[in-house]
Amino acid sequence: MTEPMAEPMAEPMAEAGAEPAVVIAGAGPTGLMLAAELALAGVEAVLLERRPDQELVGQRALGFFARTVEVFDQRGIADRFLELDQAQTGQFGGFGWVRLDVGDFPTRHNYGVGLAQRHIERVLADWVAELGVPIRYGTEVTAFSQDESGVTVDLSDGRTLRTGYLVGCDGGSSLIRKSAGIAFPGWEASFSSLIGEVEFAEEPPYGVHRNDGGLHSFAAPDEHGLTRVVVTEPRLGGPERPTLRDLSQALTAAFGTDYGLHSAAWISRFSDMARQAEAYRDRRVLLAGDAAHVHSPMGGQGLGVGVQDAVNLGWKLARVVRGTAPETLLDTYHAERHPVAARVLHNTLAQVALTRTGARAEALRDIVAELLGMDEPRRRIAGMMTGLDIHYGSNGSNIDGGTGAAEPHPLIGRRMPDLDISTRSGDQRVFTLLHAARPVLLSFAEPGAFDLAGWSDRVCLVEAEVAPPAASRAADTWELPVLGPVPAPQAVLIRPDGYVAWVGGPTAQGPTAQGPTGQSPTGQSPTAQRPCAPGLADALAAWFGPA
């Protein structure tokens, strides 16, 4: 059996002082994750962050769900989050305040992680530093221009950077998106809420409250005596930074008193505005995270969607930068991720509707809660909320799996299960094969059944067996969240982001597959340097470049 590679086979990064291949605007979770992905692929990037350091003031994301934990696990960093004293794991996910339990989902991480964004960023920033990616704090993009060969980026410190690609991870009010002229259609806010950590002279009524003014909550004071408060404003707030007076007025409107509010560590505002970039790419400028989509924080999906944007984009951008794939590969980023975020916007609009006050909303909430108490609706909605049901093939951007069959294998375009496997180097998990962020051809066929001579510099061939005690039950079927059992294949081609690009088995010869843009991508005769499997060569060339 072929031993899996322990380290990425990436070329060294460009020498210090050279123009970075990629400039990333914004060192939040999305930008940090993208920087790490590019570093793992040996592509030089630089992060620009307007904040003076990585410290985050105020409330942002409060954690992430199962698929994002899996993504971190695929890179070998999940434990860095899970082992933090501040991290909590459990069934935190919900749909419009209706709790969703995913404890029976077939994944090692059938739970959510409660962890404030400032801690998440700290872990990611430490990882990025280990990978050697520079972060320029106190620096932001003020303007840019692009041409056929690259992007010229003007910085707030008066300097100019020349780069191959510019990625906007700079939030919902993204200068990158606006300057690129990318439309941001959607829905205006119908309400706004204030959130903060404050001190009261009187004890407020802890817990969640609904009244004619909206949805409000008070958390018990923390070790510093600060109470986290959320209150719906009586009138839609504007873009200006909210003040202690604004919070006092909102509390008084909702409860008739501000409970002796006298100081705040921070106060911020959020709303149910929902918008999505019309395009995620304009030639050499790309968008990810909140720069590409904003929505209500209801359901807690935002951070995870941004991190998964980065993981989808990172390996594709690296292939294009290295010249092993055409620029058209970047079009699959929009094709795959735009529908995912569109669905998030759709479900957050529905969740906001469920939190309205009044008898009509209560009736609707009762019906939805009853439905989500049933297994099948619960699994479907929970799969959507956690990201475990993502199916890239459903939007037409993917290959058909390379078999030429009328119905592609159900694994195509879905996350690869984290099976326990036995290899020449010992027992391990599938996700450990992805730590280096490289594609893997995982074969359960006879040793020597596949020849990756034309792609061995880019794709890792791992010959394995399903490890006991799972071997007996995984021999015929693999269990996927929401979808259920699927036929166990002889071999799978796993993309660096953990999604399946090809499924099949060894044969003497077979039909070719189409690439993600619909073309036959090998540019070779049908028999030149072909692995002995139907369509595998086409799948390899489509996603990872010609042999």
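I call a residue buried when its relative accessible area is under 20%, exposed when over 50%, and partly exposed in between (1.4 Å probe, protein chains only). The model is predicted, and I take local features at pLDDT of at least 70, side-chain atom pairs only at pLDDT 80 or more, and totals for chains, interfaces and linings over all residues. Residues are numbered from 1 along each chain as its sequence is written, and side-chain values use heavy atoms, without hydrogens and water.

Cysteines. I looked up C460 and found 7% relative accessibility, so C460 counts as buried. C169, at 11%, is also buried. I searched the whole structure for disulfides (cysteine sulfur atoms paired within 2.5 Å) and got zero.

Helix α2. I noted T68 in helix α2, residues 66-74 (helices are DSSP runs of H or I with at least four residues, strands runs of E with at least two, numbered from the N terminus). T68 is buried, with a relative accessible area of 2%. Leaving out neighbours within four places in sequence, I list G304, V307 and Q308 as contacts of T68, where contact means heavy atoms within 4.5 Å.

Strands β15 and β16. I checked β15 (residues 207-211) against β16 (residues 214-218): they run antiparallel and are joined by five bridges; pairing needs at least two DSSP bridges. A hairpin of two residues connects β15 to β16. I found H209 opposite H216 in β16.

Helix α9. I placed I367 in helix α9, residues 359-372. I367 counts as partly exposed because its relative accessibility is 47%.
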